[in-house]
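Here's a quick tour of a protein model, written for someone new to reading structures. Have a look at the picture first, then work through the notes.

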Amino acid sequence: MEAREPVIIVEHLYKGFGKNKVLKDFSLTVHANENVVVLGKSGSGKSVLIKCIIGLLKPDRGRIKVFGKDIPDLSEEELDEVRVRIGFLFQGNALYDSMTVRENLEFPLRRHRLNQTQAEVDRLVMDALENVGLPHTVDMMPSELSGGMLKRVALARTMILQPDIILYDEPTTGLDPVTAREIDHLIVQLQKKFHTASIIITHDMHCVKNTADHVALLLDGRVYTEGSYSDLKNADDPQVRQFFE
Ligand SMILES: Nc1ncnc2c1ncn2[C@@H]1O[C@H](COP(=O)(O)OP(=O)(O)OP(=O)(O)O)[C@@H](O)[C@H]1O
């Protein structure tokens, strides 16, 4: 993809549940090869935003375009074609406990690309694990891995279909500070290597500092302010400052 090509465009998005108006005139653009952090408090609507982007929730109003396609207008088949190009790193990793690391990584391949030989599958699994520095864990069970290793394996599984977009849901939550910084580093490393566009949902300010090309602060359902990490860090506005204290 061209470096500055917009891959996700959200315009004037409104989404509520009854009286609970969660997103109100929310707009955001993510370009190819760009890490955009959406910074917001718990319950501010970050997950609702992600679900609208991947077409799991229909907006009440507004436009969402991914790879130039109007998401709310797509059929389920068309949505599946878009979703294959979007990787998702879940907060809880979503690995299958009863499967080995290898089987967990093979899972998306078997689901989406049915005509690969076993040798090709093996190579893709090992490449994906090498990208996250864990080739030696291939025959281990998730229960044998630390929290940081589980996150890396989950990221390898997300990357195995070579997505153009990765959506990270609080990638460093629950990790110790050293491991959290390793995950930040890995996010940036993978972005540089594969030129993916990402939305990183977090309220970990170290993660913001280390990964963000652009930060959007979600407050009261809309982008309250946006800019670089240092733009936000140097802001005098108390609504922005609270995230740094
Ligand atoms: N399917 C739904 N039906 C009704 N209300 C919902 C639904 N999904 C989300 N909400 C409401 O939308 C609001 C925002 O929820 P959301 O999960 O997006 O928050 P969040 O910013 O991701 O929070 P957290 O950081 O705690 O995960 C909450 O008030 C939640 O109760």
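Let's start with a handy definition: a residue is buried if 20 or more other C-beta atoms lie within 10 Å of its own, exposed if 12 or fewer, and partly exposed in between, with C-beta atoms placed from the backbone. This is a predicted model, so local features need pLDDT of at least 70 and side-chain atom pairs count only at pLDDT 80 or more, while totals for chains, interfaces and linings use all residues. Residues are numbered from 1 along each chain as its sequence is written. Helices (H or I, at least four residues) and strands (E, at least two) are DSSP runs, numbered from the N terminus.

- Strands pair here if DSSP finds at least two bridges between them.
- Strand 3 (residues 35-39) runs parallel to strand 8, joined to it by 5 bridges, and asparagine 35 sits opposite serine 198.
- Strand 7 (residues 165-169) is also parallel to strand 8, again with 5 bridges, and here tyrosine 168 stands opposite isoleucine 200.
- To get from strand 7 to strand 8, the chain passes through helix 6 (residues 177-194), making a right-handed β-α-β crossover; right-handed means that, with the strands pointing away from the viewer, the path from the first strand over the helix to the second runs clockwise.

- Another sheet is open and has 4 strands in the order 2-1-4-5, with antiparallel pairing.
- Its edge strands are strand 2 and strand 5 (69-70), each pairing on one side only.
- Strand 1 (residues 6-17) and strand 4 (residues 61-66) pair antiparallel over 5 bridges, and glutamate 11 has arginine 63 in strand 4 as its bridge partner.

**Around the ligand**

- The residues surrounding the ligand include Phe17, Asn20, Gly43, Lys46 and Val48; a residue is near a molecule if its C-beta atom, placed from the backbone, lies within 6 Å of it.
- Strand 2 (20-31) and helix 1 (46-53) each supply at least two residues of this shell, and helix 1 gives the most, with 3 residues.
- The shell divides into 3 nonpolar, 7 polar and 1 charged residues, where Ala, Val, Leu, Ile, Met, Phe, Trp, Tyr, Cys and Pro count as nonpolar, Asp, Glu, Lys and Arg as charged, and the others, Gly among them, as polar.

**Valine 215**

- Valine 215 touches Val37, Leu39, Val208, Glu226, Gly227, Ser228, Tyr229 and Leu232, not counting residues up to four places away in sequence; contact means that the two C-beta atoms, placed from the backbone, lie within 7 Å.

**Residues worth a look**

- Histidine 195 lies in the loop between helix 6 and strand 8, and has a positive phi of about 55° although it is not a glycine.
- With 14 other C-beta atoms within 10 Å, histidine 195 is partly exposed.
- Aspartate 25, in strand 2, has a positive phi of about 65° and is not a glycine either.
- Histidine 136 is in the loop between helix 4 (118-131) and helix 5 (147-159), and counts as exposed because it has 9 C-beta neighbours inside 10 Å.
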